[in-house]
Amino acid sequence: MASISIPSENRQIDNVDEIRQFLEPYGIWFENWQVEGRIDKEANSEEILSAYKKEIDKLKERGGYVTADVIQVSPETPGLEAMLAKFSKEHTHSEDEVRFIISGGGIFYINGKSETAGDKVFAIQVEEGDLINVPKRTRHWFDLCQDRRVKAIRLFIDPAGWTPDYVDDNIDDNYEPLCWGPRYI
Ligand SMILES: [Fe+2]
């Protein structure tokens, strides 16, 4: 289950409705979908995409996404750290970053800009069942949790739009992307 940390306010949010409410002024969608019982632990990409077809179709309609795939990485994935290093520095994309976490987890740091809620840097820890959309042009960075594994559905308008445009203000240097909660102690 997701959790939000707002370091500047020394605040943490763990309730689904409050998480959704907090993210709304930043244009970030958040949902939690059932995973256990819906797919087998060993399900392949095709089986995963077919199990969530209804939800994926709804998201495609809402955000104009045209393709979906499944990404799976673990400490055994060749070049994992180099791959992660591309996304652990503050960046934006020319399209939304939409992820539904099947297993494993990670942290999105958002350098959020909002006229109503104020500008602030916050972290969203995502885990099994969490769906998140980081809107295009939102400043953010990402890292996996300490166990370095994730299986997730991704949605794209054009996969080429997912290349990072880096923001060079070094804000990410001030934060240590470590997952929190009992699983990670
Ligand atoms: Fe990104």
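In the predicted model, strands S3 and S9 pair in the antiparallel sense over 4 bridges. Within this pairing, tryptophan 29 stands opposite asparagine 133 in S9. Strand S9 is also joined to S6, by 4 bridges, and these two strands again run antiparallel; here glutamate 97 stands opposite valine 134 of S9. Strand S6 (residues 97–104) is in turn joined to strand S11 (residues 150–156) by 6 bridges, with the two strands antiparallel. Across this pair, arginine 99 faces arginine 154 of S11.

These pairings belong to an open sheet of 5 strands in the order S3-S9-S6-S11-S4, with antiparallel pairing. The edges are formed by strand S3 (29–32) and strand S4 (67–73), each of which pairs on one side only. From one strand to the next, the twist averages 20 degrees. Helix H3 (residues 53–63) packs on the sheet and touches S4, S6, strand S9 (130–134) and S11. The direction of H3 makes about 40 degrees with that of S11.

Strand S9 is largely enclosed by the rest of the structure, because 5 of its 5 residues are buried. Side chains in a regular strand alternate between the two faces of the sheet. In S9 both faces are covered: Asp130, Ile132 and Val134 are buried on one side, and Leu131 and Asn133 are buried on the other.

Helix H1 (residues 16–23) has Ile19, Phe22 and Leu23 as buried residues. They lie on the same side of H1, because they cover an arc of only 90 degrees around the axis. An α-helix has 3.6 residues a turn, so residues three or four places apart point the same way. Asp17 and Glu18, on the other side of H1, are exposed. The cover over the buried residues of H1 includes strand S1 (3–6), strand S2 (11–13) and S3.

The largest nonpolar core comprises 38 residues. Ile107, Phe108, Ile124, Ile132 and Ile153 are those with the most contacts inside this core. Two or more residues are given to the core by each of H1, H3, S6, strand S7 (106–112), strand S8 (120–126), S9, strand S10 (139–144) and S11. In soluble globular proteins, nonpolar side chains tend to be buried together. With neighbours within four places in sequence left aside, phenylalanine 108 is in contact with Ile124, Val126, Ile132, Val134, His140 and Phe142. Two of the residues with the most contacts inside the core, Ile124 and Ile132, are among these partners of phenylalanine 108.

Positive phi values occur at two asparagines. Most residues other than glycine have a negative phi. Asparagine 10, in the loop between S1 and S2, has a phi near 50 degrees. Asparagine 10 is exposed, with 7 other C-beta atoms within 10 Å. Asparagine 170, in the segment after strand S12 (165–166), has a positive phi of about 60 degrees. This residue, asparagine 170, is likewise exposed, with 9 other C-beta atoms within 10 Å.

Glutamate 176 is also placed in the segment after S12. With 10 other C-beta atoms within 10 Å, glutamate 176 is exposed, the cut-off for this class being 12 or fewer. The C-alpha atoms of glutamate 176 and aspartate 143 are separated by 9.8 Å, although the two residues are 33 residues apart along the chain.

For the protein as a whole, 4 helices and 12 strands are found. The C-alpha trace spans about 40 × 35 × 35 Å along its principal axes. The radius of gyration is 16 Å, which agrees with the value near 16 Å for a compact globule of 185 residues. Buried residues make up 31% of the 185 residues. Of the contacts with a separation of 6 or more, 79% are accounted for by residues 24 or more positions apart.

How values were computed
Residues numbered from 1 in each chain as written. Predicted model: local features only at pLDDT ≥ 70, side-chain atom pairs only at ≥ 80, totals over all residues. Pairing = 2+ DSSP bridges. Axes fitted to C-alpha atoms, helices over the stretch in contact; angles between N-to-C directions. Contact = placed C-beta atoms within 7 Å. Buried ≥ 20, exposed ≤ 12 C-beta atoms within 10 Å, placed from the backbone. Arc of directions from axis to C-beta. Core = buried A, V, L, I, M, F, W, Y, C linked by C-beta atoms within 7 Å. Rg over C-alpha atoms; globule rule 2.2 N^0.38 Å.
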